[in-house]
Amino acid sequence: MSIPIAFIICTEPGRLEAQSLMLAESIRKFCGELKDTPIYSFHPRVGEPISKQTQKAFEALQVNHQQVPINQEFHEYYLANKPLTCAYAEQNIDAEILVFLDSDKCFFSEPKEFLLPVNCNVRLRPEYGQGIGSTGLRDSQEWYWQKLYEVLGVKREVFVETPIGKKRIRAYWNSGLVVVRRSAGIFTTWKENFEKVMRLDITPPQGIYFVEQSVLSVTLCALEENVEHLPANYSYPLPLHNRLSTELQIKHWNDIISIHYFNLFFYNDWNTQIKKLKKLNINSEKYLWLCQEVVRLKMPRVSVLHRYMLVVKRMEQKLRNFNLDINLSSWIEKMAKL
């Protein structure tokens, strides 16, 4: 007999261990009637297992963790873990609804929208900003999307509006939280399309990093699925709060269903950064719990310099698109070690 819903996460040694633990703890504490939903954690590549400490913590949280060599062909590309693991889960977990979650999420209320209505097979969020997306025929990144449309057989154009800047771009969704009806076979099709695109070496202008996410988006277009958007308080992009359109900015922590915190808690000044978020009331027991967990799990591991280095590297990548090969980041990193 199938279960109604199951959560899917990927956990590999290192930073993902603390993130996955906090995610699982938040589900068990704050998800209301869904707090006891089965959680399946996968370590999809060959290598050292997660720590004994994490394994014991998973057992206490009733997280089913498995190390299965799902990602072999694309072993060096860790984001390949997502479509490959999702397809494996779709074929091996007998649940009506599957929810894939990136580990850098945390829940604070029951995610009732995960229970899909009869006429809907998939719910997720639009990508936060344009990124590698295309606004249409005159966009410099349009060629990449047209190539994907051609290879994966898209017949109907779909557009979404980005939460940052309210830009109208070709359908581009965030792959960090994806809710699907298992019987629709969406995850398996995503995997097959991802493998096809990777083998054809089709990559966006900014590099391989965004392939899995763009392929998911184009897969949903090719399947002509009735894609529904989760509300703005799901997978709320906490570090991007000040950049979101005003009407999408959460005003009180208690109104958040779940956050997407990216690398925020790996910086020692994370608490200061949260307090800089405009008009967000953090006076909440839920926020205090989050602070305690971040400290207990010893998440902060990198210097604040790392945040600015990421900005510099993004600028360098954009300049390379204009054939300007500037490597300022390497010089800064070298000087920082002196």
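Biologist: What percentage of the 338 residues is buried?

Modeller: The model is predicted, so local features need pLDDT of at least 70, side-chain atom pairs count only at pLDDT 80 or more, and totals for chains, interfaces and linings use all residues. Residues are numbered from 1 along each chain as its sequence is written, and side-chain values use heavy atoms, without hydrogens and water. Buried means under 20% relative accessible area, with exposed over 50% and partly exposed in between (1.4 Å probe, protein chains only). Of the 338 residues in the protein, the buried share is 54%.

Biologist: Is asparagine 174 buried or exposed?

Modeller: Asparagine 174 belongs to strand 9, residues 173–181; strands are DSSP runs of E with at least two residues, and helices are runs of H or I with at least four, numbered from the N terminus. Its relative accessible area is 7%, therefore asparagine 174 is buried.

Biologist: With which side chain does the side chain of asparagine 174 make a polar contact?

Modeller: A polar contact is a pair of N or O atoms within 3.5 Å; within protein, one must be able to donate a hydrogen and the other to accept it, and residues adjacent in sequence count only if both atoms are side-chain atoms. At 2.7 Å, the partner of asparagine 174 is the side chain of glutamate 127.

Biologist: How are helix 4 and helix 6 oriented to each other?

Modeller: The axes of helix 4 (residues 142–152) and helix 6 (residues 211–222) come within 10 Å and cross at roughly 55°. Angles under 35 degrees count as roughly parallel, over 145 as roughly antiparallel, 65 to 115 as roughly perpendicular and the rest as oblique. Helix 4 and helix 6 are therefore oblique.

Definitions and conventions
Axes fitted to C-alpha atoms, helices over the stretch in contact; angles between N-to-C directions.
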